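User: I have a chain open and want to learn how to read its features. Please take me through them one by one.

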Amino acid sequence: MQKQRTMLATIIVMGVLAIGLSVYAYTKGFLSDGLNNAFELGINVIPALIFAFIIVGMVNSLGLVNNVKSILGNDTGIKGIGIASLGGMLTPGSMFVAYPIAGTLLKSGAGIGSVVAYVVAWSTWQWLRIPFEFSFLGWKFVLVKWCCILMLPVISGLTAKLLFSWVDF
């Protein structure tokens with residue numbers, strides 16, 4: 001029931017913001033531009049959202065919860081954090097893909113350390129960016145960047161496990 005209230009509050013706040021910004025854009029003569037931008041974003045994001053929700057639904061309905069617990073649960077330690085980090089690195093797409101997956105992992109019994117490692121790896125280890133980084137920033141920058149971020153997901157996951165594994169998600 002609490003989660004439904006939180007979602008309802010989120011929807012209300014987002015609705016008020018959307019209506020308020022739309023009224024403001026209308027007064028400035030930019031309403032159609034804003035609606036066109038929203039439509040284009042929706043066209044790009046909705047397919048990813050649909051597939052992410054299908055993945056979430058399948059994980060929940062196929063009984064994969066026990067597998068998630070055994071692979072990524074609080075008791076798996078550094079192994080679970082490492083697997084989650086690799087999963088985050090391999091997850092393509094935007095937050096509309098990664099966050100529903102992270103939420104499903106959390107609800108399916110993954111430990112907080114593993115889920116934090118997944119999200120941090122997804123946001124920092126995006127391997128699909130490497131060719132662009134090489135072409136625009138050069139190999140030296142890419143090497144320095146990866147040396148700096150390589151341990152971030154693991155350190156973040158271990159910190160979350162150490163400090164927050166007592167929290168019931």
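User: Where do I start with the contacts, and what share of them links residues 24 or more positions apart?

Analyst: Start with the rule: contact means heavy atoms within 4.5 Å. In this chain, residues 24 or more positions apart account for 74% of the contacts with a separation of 6 or more. Keep in mind that this is a predicted model, where local features need pLDDT of at least 70, side-chain atom pairs count only at pLDDT 80 or more, and totals for chains, interfaces and linings use all residues. Residues are numbered from 1 along each chain as its sequence is written, and side-chain values use heavy atoms, with hydrogens and water left out.

User: How many helices and strands does the secondary structure hold?

Analyst: Both are DSSP runs, numbered from the N terminus: helices are H or I with at least four residues, strands are E with at least two. This chain has 9 helices and 0 strands. From the N terminus on, the order reads α-α-α-α-α-α-α-α-α. Along the principal axes, the C-alpha atoms fill a box of roughly 55 × 50 × 30 Å.

User: How do I read the packing of α6 and α9, and at what angle do they pack?

Analyst: Axes are lines fitted to C-alpha atoms, for helices over the stretch in contact, and angles run from 0 to 180 degrees between N-to-C directions. Angles under 35 degrees count as roughly parallel, over 145 as roughly antiparallel, 65 to 115 as roughly perpendicular and the rest as oblique. Helix α6 (residues 112-124) and helix α9 (residues 152-164) pack at about 155°, axes 7 Å apart. The pair is therefore roughly antiparallel.

User: Which residues meet there?

Analyst: On the α6 side, Ile112, Gly113, Val116, Ala117, Val120, Ala121 and Thr124. On the α9 side, Leu152, Pro153, Ser156, Gly157, Ala160, Lys161 and Phe164. By class, this contact of α6 with α9 has 9 nonpolar, 4 polar and 1 charged residues. Here Ala, Val, Leu, Ile, Met, Phe, Trp, Tyr, Cys and Pro count as nonpolar, Asp, Glu, Lys and Arg as charged, and the others, Gly among them, as polar.

User: At what angle does α4 pack with α9?

Analyst: Helix α4 (residues 77-90) and α9 pack at about 130°, with axes 10 Å apart. α4 and α9 are therefore oblique to each other. Gly77, Ile78, Ile81 and Ser85 of α4 meet Pro153, Val154, Gly157, Leu158 and Lys161 of α9. The contact of α4 with α9 has 5 nonpolar, 3 polar and 1 charged residues.

User: And what is the angle between α5 and α6?

Analyst: About 170°, with the axes of α5 and α6 9 Å apart. That makes α5 roughly antiparallel to α6. Met95, Ala98, Tyr99, Ile101, Ala102, Leu105 and Leu106 of α5 touch Ile112, Val115, Tyr118, Val119 and Trp122 of α6.

User: Is Ser108 buried or exposed?

Analyst: Buried means under 20% relative accessible area, exposed over 50%, and partly exposed in between (1.4 Å probe, protein chains only). Ser108 lies in the loop between α5 (95-107) and α6. Its relative accessible area is 1%, so Ser108 is buried. The Ser108 side chain reaches the backbone oxygen of Thr104 at 2.7 Å. Across the chain, 28% of the 169 residues count as buried.

User: What is the relative accessible area of Met58?

Analyst: It is 42%, so Met58 is partly exposed. Met58 sits in helix α2 (residues 31-61). Its C-alpha atom is separated by 26 Å from that of Gly157, 99 residues apart along the chain.

Technical notes: Polar contact = N/O pair within 3.5 Å; in protein donor to acceptor, adjacent residues only side chain to side chain.
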